[in-house]
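Please read them with the structure open.

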Amino acid sequence: MIRVKSEHEIEKMRSAGRIVAETFEMLSETIKPGVTTKELNALADEFIKKNKATCSFYRYNGYPASICTSVNEQVVHGIPSGSVALKAGDIVSIDIGACYEGYHGDAARTFAVGTISSEAQKLIDVTKQSFFEGMSKAIPGNRIGDIANAVQSYVESNGFSVVRALVGHGVGAELHEAPEVPNFGTAGRGVRLVSGMTIAIEPMVNMGTYHVNTLSDGWTVVTADKKLSAHYENSVVVTAKGPEILTKC
Amino acid sequence: MELNAGEIVCSKAGRDKGRYFVVMETEGSEFVFVCDGKLRKVDKPKKKKIKHLARTGFLAEEIKEKLSLGEKVTNQDLRKMLGKMNSDANA
């Protein structure tokens, strides 16, 4: 069942989303060569708690950390570690969820560490723009497939591929709610969008094949060909005036 | 088809055809009471046959919560939740 949110609930989601966006702003200044993903996790955890929110991912289905840090070929769900220090030329995808007064905000960004290759920068830029291509279709009366198709078309026209094993989702009182929001599919298909629906649109874009594998830690998802992957996500509410990003400052 | 309190449904028959409502209460396996805060107010819910309603797959979580806790649901709550859907449908 898809949960339609009231204005009161959406306001709480804006607050949760603001905390997530501010956490990204804070972290963006610390992402430099030498910093470990565990340090990033600690900073985010402290910041979220200081803002009277809780980390949505911590202990979610047993996940052991507060945020996800996925480096280079890691697609999503990378577990922060003291032994993973970022190096110049790396790209790191960070996924953050914060729960404020019972409602979640969920977003992800991919950052460049130091100077990166032009191909890696293009991957990050295309991933970000594909989110906005998809979001532009999040209007009442359209269908989930319209979002999915817009993301896929943009990504593939730029020579990259969209991950199919993982999808976006509804978000609200639960971190993951119905419906699923894939990044590939046919326009005009799927659930019809209505005002008050809150969804997390999250393109995961690979430089090579869209096939992925999960590492033995049970969480970290990596590209099957070990090529780079980028991630961009925001929680969005569908309104008659157009989509509104909830995870913004 | 079984409907539960808090579910958003669309009327398939009657003068309210095409409007969205929230299920407030169920009665047996054939009837439910629905309101939208405008045409059908909280103090006078409309008894409708389930077969005259279409399931939308959407749930008004906040209203379901209030109903299960026995808290008062206002017409304003319903209008805020459905107003946008009903105006989308008429757009």
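**Notes on strands, helices and single residues**

1. Start with a strand pair in chain A. S8(A) and S10(A) run antiparallel and are joined by 2 bridges. In S10(A), Ile199(A) is the bridge partner of Gly170(A). Strands here are DSSP runs of E of at least two residues, helices are runs of H or I of at least four, and both are numbered from the N terminus. Two strands pair if DSSP finds at least two bridges between them.

2. A word on the basis. This is a predicted model, in which local features need pLDDT of at least 70, side-chain atom pairs count only at pLDDT 80 or more, and totals for chains, interfaces and linings use all residues. Residues are numbered from 1 along each chain as its sequence is written, chains are lettered from A and ligands numbered from 1 in the order in which they are written, and side-chain values use heavy atoms, with hydrogens and water left out.

3. S8(A) has another partner to look at. Strand S8 (residues 168-170) of chain A pairs with strand S9 (residues 177-181) of chain A, antiparallel, over 3 bridges. A hairpin of 6 residues joins S8(A) to S9(A).

4. The bond from Ala178(A) to Pro179(A) is cis, with omega near 0°. Pro179(A) lies in strand S9 of chain A. Most residues other than glycine have a negative phi, and most peptide bonds are trans.

5. Where do the side chains of S10(A) point? Thr198(A) and Ala200(A) point one way from strand S10 (residues 198-201) of chain A, and Ile199(A) and Ile201(A) point the other way. In a regular strand the side chains alternate between the two faces of the sheet. All four of these residues are buried. Buried means under 20% relative accessible area, exposed over 50%, and partly exposed in between (1.4 Å probe, protein chains only).

6. S10(A) also pairs with strand S15 (residues 234-237) of chain A. The two are antiparallel, over 4 bridges. Ile201(A) stands opposite Asn234(A) in S15(A).

7. Next, an open sheet in chain A. It has 3 strands in the order S4-S13-S12, with antiparallel pairing. Strand S4 (74-76) and strand S12 (212-214) are the edge strands, each pairing on one side only. Neighbouring strands are turned by 40° against each other on average, direction ignored. S4(A) is joined to strand S13 (residues 221-223) of chain A by 2 bridges. Gln74(A) stands opposite Val222(A) in S13(A).

8. Now a helix pair. The axes of helix H3 (residues 118-135) and helix H4 (residues 144-157) of chain A come within 8 Å and cross at roughly 150°. That makes H3(A) roughly antiparallel to H4(A). Axes are lines fitted to C-alpha atoms, for helices over the stretch in contact, with angles from 0 to 180 degrees between N-to-C directions. Angles over 145 degrees count as roughly antiparallel, under 35 as roughly parallel, 65 to 115 as roughly perpendicular, and the rest as oblique.

9. Which residues make the H3(A) to H4(A) contact? From H3(A) come Val126(A), Gln129(A), Ser130(A), Glu133(A) and Gly134(A), and they meet Ile147(A), Ala150(A), Val151(A), Tyr154(A) and Val155(A) in H4(A). By class, the contact has 6 nonpolar, 3 polar and 1 charged residues. Contact means heavy atoms within 4.5 Å. Ala, Val, Leu, Ile, Met, Phe, Trp, Tyr, Cys and Pro count as nonpolar, Asp, Glu, Lys and Arg as charged, and the others, Gly among them, as polar.

10. Two loop residues in chain A deserve a backbone check. Arg59(A) has a positive phi near 70° and is not a glycine. Its loop runs between strand S2 (54-55) and strand S3 (68-71) of chain A. Asn72(A), also not a glycine, has a positive phi of about 55°, and lies in the loop between S3 and S4 of chain A. Is each one buried or exposed? Arg59(A) is exposed, at 52% relative accessible area, whereas Asn72(A) is buried, at 15%.

11. Finally, chain B. Arg40(B) sits in the loop between strand S3 (31-35) and strand S4 (46-49) of chain B. Arg40(B) is buried, with a relative accessible area of 14%. Leaving aside neighbours within four places in sequence, Arg40(B) contacts Arg15(B), Asp16(B), Phe21(B), Val34(B), Cys35(B) and Lys46(B).
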